[in-house]
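Hello,

Here is the structure I promised to pass on to you. Have a look at it first, and then read on for what turned up in it.

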Amino acid sequence: MNTRLTRALASVTFMLAVLSGLAFVGTGFTHMIDDGAVCVQTGFWSNASLAPDSLSVNTGVEASSSATRLCQDGPSTGQRAADLGSELPWLLFGTLALLLFSRLLKTVQLQGPFTEVVAQRLSVLGWFIAVGTPLAGLVVGWSQSWLVASMAPIVGSGPTVSGSQELVLAGLAAVIMGKIMRQGVRMREDLEGTI
């Protein structure tokens, strides 16, 4: 299935994977050499009332906040690492997912869509997305939670999953489609063997 669209998609996804990998390396490098403040946002004090005299609001108006932004000047190494942990996992996940998808498209281009190798690569991509999404979300959430707790100990730290988890369903769908394709390939091979 060496179509123009397949070739273009394989090239584009590979270039996006390379760009995402460069963003991963660049973000990690610039954060490690940066000596500025580290900031994090928390919803711990959501709906906390704000002092009316500190805001210019009319009499009888209640003000509350939905998020609090905490910044630490001169952060520790642990705080800087936790700040990296709240950005880098999604970049790494995206880079690897794009690389796996690019390999899948390249295989489709070279061997056709209904082969054992394509079914296997589709399953691998599906499992990577299904498992990697909550894992990346857990690393990001826990890093943010620890960073908030390091600046405001009253908040505490614990396992938290951050980000949208809908990709898990797409990953599981890819795993199922890979299994269906694998069965289809075996059935076709059996039919070819009997004829």
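A word on terms before the findings: a helix here is a DSSP run of H or I with at least four residues, and helices are numbered from the N terminus. Please also keep in mind that this is a predicted model.

Let me start with the overall layout. The chain contains 5 helices and 4 strands. Read from the N terminus, the order of its elements is α-β-β-β-β-α-α-α-α. Of its 195 residues, 34% count as buried. Among contacts with a separation of 6 or more, 77% are between residues 24 or more positions apart.

The structure has 2 aromatic pairs. In one of them, the ring centres of tryptophan 90 and phenylalanine 93 are 5.9 Å apart and the planes stand at 85 degrees, so this pair is edge-to-face; the cut-off for that label is over 60 degrees. Both residues belong to helix α3, and because they are 3 residues apart there, about one helical turn separates them. Phenylalanine 93, at 9% relative accessibility, counts as buried.

Phenylalanine 93 also pairs with phenylalanine 128: their ring centres lie 5.3 Å apart and their planes meet at 15 degrees, which means the pair is stacked. This pair links distant parts of the chain, since phenylalanine 93 sits in helix α3 and phenylalanine 128 in helix α4, 35 residues apart. Phenylalanine 128 counts as partly exposed, with 23% relative accessibility. Taken together, ring pairs join Trp90, Phe93 and Phe128 into a cluster.

Helix α3 covers residues 88-111 and helix α4 covers residues 116-151; they pack at an angle of about 175 degrees, with 10 Å between their axes. This angle makes α3 roughly antiparallel to α4, a label used for angles over 145 degrees. Sorted by class, the contact of α3 with α4 comprises 19 nonpolar, 5 polar and 2 charged residues.

Another residue to look at in helix α4 is serine 143. Is serine 143 buried or exposed? Its relative accessibility is 13%, so serine 143 counts as buried. Leaving aside residues up to four places away in sequence, serine 143 touches Ala82, Gly85 and Ser86.

Helix α1 (residues 4-33) packs with helix α2 (residues 77-85) at an angle of about 160 degrees, and their axes are 10 Å apart. The two are therefore roughly antiparallel to each other, and α1 passes α2 in a right-handed crossing. Which residues meet where α1 and α2 touch? From α1 there are Thr27, Gly28, His31 and Met32, and from α2 there are Arg80, Asp83 and Leu84. By class, the residues of this contact are 2 nonpolar, 3 polar and 2 charged.

Happy browsing, and do write back with any questions.

Best wishes

Technical notes:
Residues are numbered from 1 along each chain as its sequence is written. This is a predicted model: local features need pLDDT of at least 70, side-chain atom pairs count only at pLDDT 80 or more; totals for chains, interfaces and linings use all residues. Side-chain values use heavy atoms; hydrogens and water are left out. Axes are lines fitted to C-alpha atoms, for helices over the stretch in contact, and angles run from 0 to 180 degrees between N-to-C directions. Angles under 35 degrees count as roughly parallel, over 145 as roughly antiparallel, 65 to 115 as roughly perpendicular and the rest as oblique. Ala, Val, Leu, Ile, Met, Phe, Trp, Tyr, Cys and Pro count as nonpolar, Asp, Glu, Lys and Arg as charged, and the others, Gly among them, as polar. Buried means under 20% relative accessible area, exposed over 50%, partly exposed in between (1.4 Å probe, protein chains only). Contact means heavy atoms within 4.5 Å. A crossing is left-handed if the near helix is turned anticlockwise from the far one by less than a right angle, and right-handed if clockwise. Rings of Phe, Tyr and Trp (its six-membered ring) pair if their centres lie within 6.5 Å; planes under 30 degrees apart count as stacked, over 60 as edge-to-face and the rest as tilted.
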